[in-house]
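Subject: Structure for your files

Hello,

Here is the structure I said I would pass on. My notes on what was found in it follow below.

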Amino acid sequence: MARHTFLPASGSVSAFAMIVDINGYAKIASSGYSSIAQFARDVLSGGIKAVEGGGGEVVGFMGDAFYALMNDPDKVYSACVGIAHDLSKMYTYFSREKEMFPFTVKNFGLKIGIEYGELDISSISSEFLGHQQIFTGIPVNYAARI
């Protein structure tokens with residue numbers, strides 16, 4: 001998918017910081033479930049599509065969470081509704097596939113933290129990840145407190 005244009009390569013921008021985290025992930029991970037990374041991928045994929053489909057940018061992953069930036073409150077709302085609809089589909093899927101997923105749908109959900117404000121943008125490189133942008137600021141810290 002093509003990058004959206006509201007994020008500069010560096011400098012600052014006013015935007016919504018959104019962090020979407022799997023609630024109950026630690027309990028599922030510690031239960032011995034063997035495909036925990038695939039579980040996280042499956043649960044987060046619909047949310048990622050909802051954010052990107054609404055003009056947002058998924059700018060990072062943190063274990064069982066993704067970090068996104070959006071610049072329009074209506075699109076933030078639409079992304080949240082899309083995330084909720086996808087989570088409902090995932091609950092139905094996991095309920096039908098009980099042998100594949102030994103936990104119940106009551107064991108997990110999604111938490112969404114959102115905060116608006118000024119973000120500072122820079123970049124950093126590592127051998128493994130290559131060149132990456134860094135998005136920091138108070139909105140990121142507040143969104144992370146979900």
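Lysine 111 is partly exposed, with a relative accessible area of 27%; partly exposed here lies between buried (under 20% relative accessible area) and exposed (over 50%), with a 1.4 Å probe and protein chains only.

This is a predicted model, in which local features need pLDDT of at least 70 and side-chain atom pairs count only at pLDDT 80 or more, while totals for chains, interfaces and linings use all residues. Residues are numbered from 1 along each chain as its sequence is written, and side-chain values use heavy atoms, with hydrogens and water left out.

Two salt bridges are present in the structure, each defined as a side-chain nitrogen of Lys or Arg within 4 Å of a carboxyl oxygen of Asp or Glu. One of them joins the side chains of lysine 111 and aspartate 21, at 3.3 Å from N to O. Because aspartate 21 sits in strand 1 (residues 11–23) and lysine 111 in strand 4 (residues 109–126), the pair ties together parts that are 90 residues apart in sequence. Helices (H or I, at least four residues) and strands (E, at least two) are DSSP runs, numbered from the N terminus.

Aspartate 21 counts as buried, at 13% relative accessibility. Apart from neighbours within four places in sequence, aspartate 21 is in contact with Asp64, Ala65, Gly109, Leu110, Lys111 and Ile146, where contact means heavy atoms within 4.5 Å.

The other salt bridge pairs arginine 41 with aspartate 42, and their closest N and O atoms are 3.0 Å apart. Arginine 41 is partly exposed at 48% relative accessible area, and aspartate 42 is partly exposed at 25%.

Helix 2 covers residues 36–53, which makes 18 residues, and reaches 26 Å from its first C-alpha to its last. That is close to the expected 26 Å at 1.5 Å a residue, the expected span being 1.5 Å times one less than the number of residues. Helix 2 also has a kink of about 35° centred on leucine 44; the bend at a residue is the angle between axes fitted to the seven residues ending there and the seven starting there.

Which residues of helix 2 are buried? They are Ile36, Phe39, Ala40, Val43, Leu44, Gly46, Gly47, Ile48, Ala50 and Val51. Their cover includes strand 1, helix 1 (25–29), strand 2 (57–61), strand 3 (65–70), helix 3 (73–96) and strand 4. After helix 2 comes glycine 55, with a positive phi near 90°.

Regards
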